[in-house]
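Open the model in your viewer and get the selection tool ready.

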Amino acid sequence: MSWWRRLVDRATGRALPEGFTGELAAEEYVIGVAGLRGGGHLVATSHGLWLPHGEGYRRLGWHLISKATWSGGALEVTEAEETGTAGSAVLLRDLPVARFVLAEPGRVPEVVQRRVTESIRSRHHQELPGGGAWFVQRRVPGRDGIVLQVRVDEGTDVELVRRIASEVGDTINRAAREQRRHQ
């Protein structure tokens with residue numbers, strides 16, 4: 001990469017580490033980069049957190065990070081996986097925690113915490129027979145509007161949660177349409 005290209009990338013907020021193989025979206029920009037102990041990088045962008053994956057990188061959207069903690073030089077990330085839908089609601093389940101030991105954290109731990117928190121518009125835990133479920137409204141980078149995500153607690157009747165999630169999603173959508181009509 002030429003010195004001119006590196007200068008332009010840095011000036012435009014698109015500076016990427018050497019060896020990064022991900023493809024940023026047209027409107028996506030770099031917020032922070034952290035070197036990993038043992039090689040590789042975490043790259044925080046406006047759209048998500050780029051993680052080492054196989055021989056390359058993959059983007060984990062901010063809306064799919066259930067939890068991120070910074071402690072003892074390591075960033076621990078709990079990724080949520082979409083398991084289906086219930087009306088307009090998206091059903092999630094958490095994957096095992098991934099641990100990244102940062103050799104050079106830079107601003108990445110702070111950026112991750114801020115971006116994950118800012119993606120959440122509201123959250124509510126509803127107690128249900130056998131457990132409960134988290135109902136979380138989140139912004140999705142690169143998309144208009146808010147998505148309702150529902151994470152079912154262990155031991156909770158998933159079909160019951162599906163029915164409730166569908167009804168809640170419909171209610172939220174009706175309220176949003178009504179609000180837009182009155183603006």
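The tour below goes from an aromatic cluster to a glutamine and then to a pocket.

Before you start, note that this is a predicted model, in which local features need pLDDT of at least 70 and side-chain atom pairs count only at pLDDT 80 or more, while totals for chains, interfaces and linings use all residues. Residues are numbered from 1 along each chain as its sequence is written, and side-chain values use heavy atoms, with hydrogens and water left out.

**Stop 1: the rings**

Select Phe20, Trp50 and Tyr57, which ring pairs link into a cluster. Rings of Phe, Tyr and Trp (its six-membered ring) pair if their centres lie within 6.5 Å; planes under 30 degrees apart count as stacked, over 60 as edge-to-face and the rest as tilted. By this rule the count is two aromatic pairs. Phe20 and Trp50 make an edge-to-face pair, 5.3 Å centre to centre with 80 degrees between the planes. Phe20 sits in the loop between α1 (3-12) and β1 (30-36) and Trp50 in strand β3 (residues 48-53), so this pair ties together parts 30 residues apart in sequence. (Helices are DSSP runs of H or I, at least four residues, and strands are runs of E, at least two, numbered from the N terminus.)

Now turn to Phe20 and Tyr57: their ring centres are 4.8 Å apart and their planes at 40 degrees, so the pair is tilted. Tyr57 belongs to strand β4 (residues 56-61), so its pairing with Phe20 ties together parts 37 residues apart in sequence.

**Stop 2: Gln149**

Next, select Gln149 in strand β11 (residues 146-152). Gln149 counts as buried because its relative accessibility is 3%. Its side chain reaches the backbone oxygen of His63 at 2.9 Å. Show its surroundings too: beyond four places away in sequence, Gln149 touches residues including Leu64, Val90 and Trp134, where contact means heavy atoms within 4.5 Å.

**Stop 3: the pocket lining**

Finally, select Ser66, Lys67, Val116, Ile120 and Arg123, which lie nearest the centre of the largest pocket among its 15 lining residues. A pocket is an open set of points on a 1 Å grid over the protein atoms alone, where a 1.4 Å probe fits, with protein on both sides within 12 Å along at least five of seven lines; lining residues have an atom within 4 Å of a point.

Methods. Buried < 20%, exposed > 50% of the residue type's maximum accessible area, 1.4 Å probe, protein only. Polar contact = N/O pair within 3.5 Å; in protein donor to acceptor, adjacent residues only side chain to side chain.
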